[in-house]
Amino acid sequence: MADNDDMSSLFPIFILSVMGLFTVPWTIYRISSYAGSRKKNLNCRCSECMRAPKNRVSFYQKVWRFLTLSNIALVSSWLIIIVLFYYIKISTRENQPFDPFLILGLEASASEADIKKAYRRLSVLYHPDKNPDPAANNYFVEFITKAYQALTDPVSRENFAKYGHPDGRQGMQMGIALPKFLLDIHGAAGGLLLIAIVGIGILLPLVGAVWYLRQSSKFTGNYVMHHTISSYYRNMKQSLAPSKVLEVLIQAAEFVEIPVRHRDEAPLQRLFLVVRSELNLDPKNLKTEQLKFWKKKHPAFIKAELLILAHLSRQHEEVLPEIKADFDLVMSIVPRLMEELMKMALMPRTAEGYGWLRPALSIMEFSQSLVQAVPLSARKVSERAANSGGSPDGIAPFLQLPHFTENVVKKLGRKKVRTFQELRDLPKDERAELLKSAGGFTDQEAEDVEAVLEMMPNISVEVTCTTEGEEGIQEGDIVTMTAWITLHRNNGLIAAHPHAPYFPQPKDELYWLLLGDQNANCVWVKQRITFMDEATSAAAASKIIGESMEGTGADDATVNKAVREAVERVKSGSRLVMEKFQAPAEGTYKLTCFCLCDTWLGCDRRVNVTLKVGKRSRPAIRPGVAPAEGVQYLEDGNDDAEEDEEEADEDYDSEYSDEDDQAEEEVKQKPKNENWIKEATANLLEKEGDDSSSSSSESDNENTD
């Protein structure tokens with residue numbers, strides 16, 4: 001074993017190797033992620049979005065954004081690696097391999113006279129009689145003398161030629177990659193150090209893990225508390241209106257954890273006076289309604305409701321500094337709560353496993369208003385506007401555009417532009433002239449409107465419902481719904497962030513594809529869609545197309561061609577959705593396929609789908625025996641699915657029906673054949689009796705002999 005100095009020199013090399021394994025890949029990932037995010041500017045370029053606080057970044061904010069825990073750890077790792085590399089370089093310089101020519105300062109072709117001359121010259125400098133320094137004495141004995149002997153003494157020179165050292169073969173050195181102070185500990189210091197290592201290396205991570213598990217047990221995978229999901233499930237109504245979505249949304253456990261302080265009373269009272277018109281209070285009993293509002297709900301729910309209404313009314317300046325931090329916290333929680341609320345509406349609620357359609361549509365309408373900071377009252381359509389062919393969403397779609405107000409919408413209505421789609425369909429020059437003349441917009445304001453309109457998505461949906469390998473759809477069939485959703489923007493982008501200058505947090509576009517029956521208020525198929533991740537969508541589309549084509553027996557060339565076409569279509573702005581469901585009873589169903597956006601108003605698309613289901617005339621695959629590939633079962637709907645399978649087994653004949661019928665006929669005919677069974681049994685017993693008697697007689701004969 002090597003001494004402590006040699007062993008401690010291995011510790012920096014060990015630490016450098018371990019840190020390099022994590023730091024280098026981590027750095028490559030961060031650089032590639034940053035380079036990918038800088039390729040295109042996905043934000044809206046209108047003046048309102050540029051002035052929005054979330055998009056205005058000062059120098060100090062850039063510094064604070066850079067000083068995240070991840071960046072600090074990465075920079076610190078590189079600094080430690082640089083220091084370790086320099087230390088290792090310095091320490092290894094002192095442990096150079098033995099080279100007598102280098103020690104004496106000679107060339108490899110030096111003569112014996114040159115060797116003696118160099119030895120005498122170094123002796124004057126390092127000999128103990130000339131230099132009393134102990135370090136010089138050690139250097140003279142260990143290096144200069146041995147180097148001279150290696151080049152002049154025959155034995156030493158032979159050892160150097162064979163083993164690289166004048167003393168002959170050197171033993172192999174092994175060391176422990178620990179610092180020197182850990183190897184020189186004696187007495188109580190060792191016990192204290194052991195306690196410190198156990199405390200920091202074992203107990204501290206254990207305490208952190210226990211705390212994390214206790215905190216994470218309160219939340220689901222979407223960082224929503226379990227109590228919130230239970231509350232949403234209980235309060236979800238079958239005919240939930242958009243105006244009632246907020247009442248369900250605020251009943252989240254996350255809002256209860258936001259403290260309600262005594263100093264919040266005055267700011268909340270001020271907000272109440274500002275947003276009172278959005279609370280749908282009875283004007284005849286205003287005082288009574290106000291008392292009910294303040295006493296009926298939990299204080300945390302009241303606070304959250306007033307803050308959200310202040311955002312919907314664009315009254316952000318009325319949010320005083322005392323509750324500004326609470327406002328930012330509420331608005332950061334709301335997006336994932338809205339997503340969870342949508343999931344609660346789409347959970348299986350009927351015997352067939354269908355979700356509710358009307359609550360889902362209401363939640364998406366409220367989400368659009370929330371992101372664009374448009375009050376729900378702006379969606380109401382007056383009788384006069386309805387009679388004159390106004391927009392079914394009221395003036396809400398207009399208010400999401402920059403510099404638009406209710407007066408501007410009225411002025412455009414006098415110019416025969418009454419719907420938002422009519423404004424979008426106008427030519428660019430004509431629309432700019434209309435905004436300047438009728439709306440009083442400046443050139444910059446008109447350009448802002450054009451920038452937002454170019455950012456708005458145009459959605460198209462193609463839907464087909466078929467049964468694989470069969471003609472027509474019969475009751476009990478596994479129906480495959482194939483939908484291509486194509487997004488197009490006038491600015492050429494596919495993935496983009498919406499125009500939402502009033503929403504305090506960055507928000508990505510999210511779409512929901514729903515196939516439902518409006519008359520029955522049920523959702524048959526649902527799928528969440530995003531256009532932000534092209535690579536994942538392309539991989540999913542290629543897998544779906546490949547599996548579906550292979551199921552039809554197509555050759556590899558055809559499958560590869562279909563996969564390439566699907567991938568190219570995804571890159572051009574389309575997304576593929578393929579879901580399977582069981583066909584209902586015989587009849588004609590008028591379904592509607594909705595593609596709903598959670599951020600933009602007036603961009604939703606709906607396609608009518610007529611599903612004709614015929615009477616069963618061919619064997620069907622029993623759902624409980626061999627479920628089709630791609631069918632997704634919800635965790636909370638297992639009981640309903642089992643009931644559906646039992647009902648389906650009773651409704652139609654399966655491929656095992658003939659065998660079951662044959663077994664039943666055999667059971668029925670069994671009493672008729674009882675006589676035949678008795679006769680066969682009697683004959684068998686008689687035969688066994690004869691055999692036994694013959695065997696006994698043979699045994700008696702043997703005994704006699």
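Me: Before that, what kind of model is it, and how are residues numbered?

Reply: It is a predicted model, in which local features need pLDDT of at least 70 and side-chain atom pairs count only at pLDDT 80 or more, while totals for chains, interfaces and linings use all residues. Residues are numbered from 1 along each chain as its sequence is written, and side-chain values use heavy atoms, with hydrogens and water left out.

Me: How many helices and strands does the chain have?

Reply: The chain has 29 helices and eight strands. Helices (H or I, at least four residues) and strands (E, at least two) are DSSP runs, numbered from the N terminus.

Me: What share of the chain counts as buried?

Reply: Of the 705 residues, 37% count as buried. Buried means under 20% relative accessible area, exposed over 50%, and partly exposed in between (1.4 Å probe, protein chains only).

Me: Which residues touch the most other members of the largest nonpolar core?

Reply: Leu249, Phe255, Ile308, Phe366, Leu370 and Leu514 do, in a core of 62 residues. A nonpolar core is a set of buried Ala, Val, Leu, Ile, Met, Phe, Trp, Tyr and Cys residues joined through side-chain atoms within 4.5 Å.

Me: Which elements supply it with two or more residues?

Reply: Among them are α11 (226–235), α16 (299–312), α17 (321–345), α18 (357–372) and β4 (511–517). The most comes from α17, which gives twelve residues.

Me: What does Leu370 touch?

Reply: Leaving out residues up to four places away in sequence, leucine 370 touches Ile308, His311, Leu312, Met331, Val334, Met338 and Phe503. Contact here means heavy atoms within 4.5 Å.

Me: And which residues does the second core include?

Reply: That separate core of 57 residues includes Phe404, Val409, Val463 and Cys522.

Me: Back to α16 and α18. At what angle do they pack?

Reply: The angle is about 70°, with the axes 8 Å apart. Axes are lines fitted to C-alpha atoms, for helices over the stretch in contact, and angles run from 0 to 180 degrees between N-to-C directions. α16 and α18 are therefore roughly perpendicular to each other. Angles under 35 degrees count as roughly parallel, over 145 as roughly antiparallel, 65 to 115 as roughly perpendicular and the rest as oblique.

Me: Which residues meet there?

Reply: Ile308, His311 and Leu312 in α16 meet Phe366, Ser369 and Leu370 in α18.

Me: What about α14 and α15, at what angle do they pack?

Reply: α14 and α15 (residues 286–296) pack at about 135°, with their axes 13 Å apart. That makes α14 oblique to α15. Leu268, Gln269 and Phe272 of α14 make the contact with Gln290, Phe293 and Trp294 of α15.

Me: New topic. Which phi value does alanine 373 have?

Reply: Phi of alanine 373 is near 55°, a positive value in a residue other than glycine. Alanine 373 is in the loop between α18 and α19 (383–387), and is buried, with a relative accessible area of 0%.

Me: And is histidine 403 buried or partly exposed?

Reply: Histidine 403 is partly exposed, at a relative accessible area of 21%. Its phi is also positive, about 70°, although it is not a glycine.

Me: Last one: where is glutamate 462, and what does it touch?

Reply: Glutamate 462 is in strand β1 (residues 458–467). Not counting residues up to four places away in sequence, glutamate 462 touches Thr482, Ala483, Trp484 and Arg569.
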